[in-house]
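Q: I have a structure open here and would like to go through it. Can we start with the pockets?
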Amino acid sequence: MTEILSFNNVTFSYTPDVPDARKAVQDVTFAVNEGEWIAIVGHNGSGKSTLAKLMSGLLFPQAGEVRIMREVLTEENLWEIRSHMGMVFQNPDNQFVGATVQDDVAFSLENNGVPYKEMVERVHGSLKQVKMDNFLNHEPHHLSGGQKQRVAIAGALAMHPKILILDEATSMLDPQGREEVLQTVQALRAKIGLTVLSITHDLEEAMLADHVLFMNDGKKYAEGTPAEIFALGDQLVELGLDLPFAMKMTKLLQVQGVQLVGQHMTEEELVNDLWTSNFNK
């Protein structure tokens, strides 16, 4: 598999001149392969948002290096590398600059000098990919939260990025909006092989990833598949994260004497186990 992004012993402090100051990110190393979905999780202040800023070139490490498509990210190549990245942030309202949906998606394309005919094709194509092509002339601020984030994703996709970074992109959405956005990202990844980095505190969202990086106090606390990370159980709770609903319900049922096999990350797994273990005898 082709490595598309990597952190190699990266350290960053917001107060580098202060002796013994806390480091926002300390000696972090990990790699992402093309087409993977990586979730970066952790409590507030764990360093995950700083990682997002470092991988997008908003910050540069004081030690170590960040590589995008095997090239070290520097101030000299920042804009070239950024052209291969799309970012969707926490609050969709803060991302809109156009009077209509199509104007907003076209904004970055105009700034990058994309020819008009190609720009129209990209705008319509990216909105169709996120199922918002029927909202071309709608005002963005009249859309629902999930629709706004899908337009924001369309704006990123119109730039034809190789990497999509979701920085707490679902945290301000209601359950329906969150489901809309995550389903859209899953479909895009399956269709065009998009590499996704999701910075989140929502472990339900992290379950969709291929790989999870668990940050704590600026350091990489654990790394593995969702199943491997969730197997930490109470350690996650002690470090400020919640467990997925199915895992909490499994524990409660086991305390009440219900016979269940192991832990369950999804409601479907729990229901199937309940059915086979207790009601299908």
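Q: How much space lies in the largest pocket?
A: This is a predicted model. In it, the largest pocket holds about 820 Å³ of space.

Q: Which residues are closest to its centre?
A: Met 85, Met 87, Phe 89, Ser 108 and Met 159 are the closest, out of 24 residues that line the largest pocket.

Q: And which elements give two or more residues to that lining?
A: Those are α2 (78-82), β6 (85-88), α3 (101-111) and α5 (145-157).

Q: Which one has the largest share?
A: α3 does, with 5 residues of the lining.

Q: How do the lining residues divide into nonpolar, polar and charged?
A: The lining of the largest pocket has 13 nonpolar residues, 9 polar and 2 charged.

Q: OK, switching to strands. In what sense do β1 and β4 pair?
A: Antiparallel, over 5 bridges. Strand β1 covers residues 3-12 and strand β4 covers residues 63-68.

Q: What stands opposite Leu 5 there?
A: Ile 68, in β4.

Q: How many bridges are there between β4 and β5?
A: β4 pairs with strand β5 (residues 71-72) over 2 bridges, in the antiparallel sense.

Q: What do β4 and β5 form, and how many residues are between them?
A: They form a hairpin, and 2 residues lie between the strands.

Q: Which residue in the turn has a positive phi?
A: Met 69 has a positive phi, about 55°.

Technical notes: Residues numbered from 1 in each chain as written. Predicted model: local features only at pLDDT ≥ 70, side-chain atom pairs only at ≥ 80, totals over all residues. Heavy atoms only, no water. 1 Å grid on protein atoms, 1.4 Å probe; cavity = no way out; pocket = protein on both sides within 12 Å on 5 of 7 lines; lining within 4 Å. Points joined across faces, edges and corners; volume = space filled by probe spheres on them. Helix = DSSP H or I, 4+ residues; strand = E, 2+ residues; numbered from the N terminus. Nonpolar A, V, L, I, M, F, W, Y, C, P; charged D, E, K, R; others polar. Pairing = 2+ DSSP bridges.
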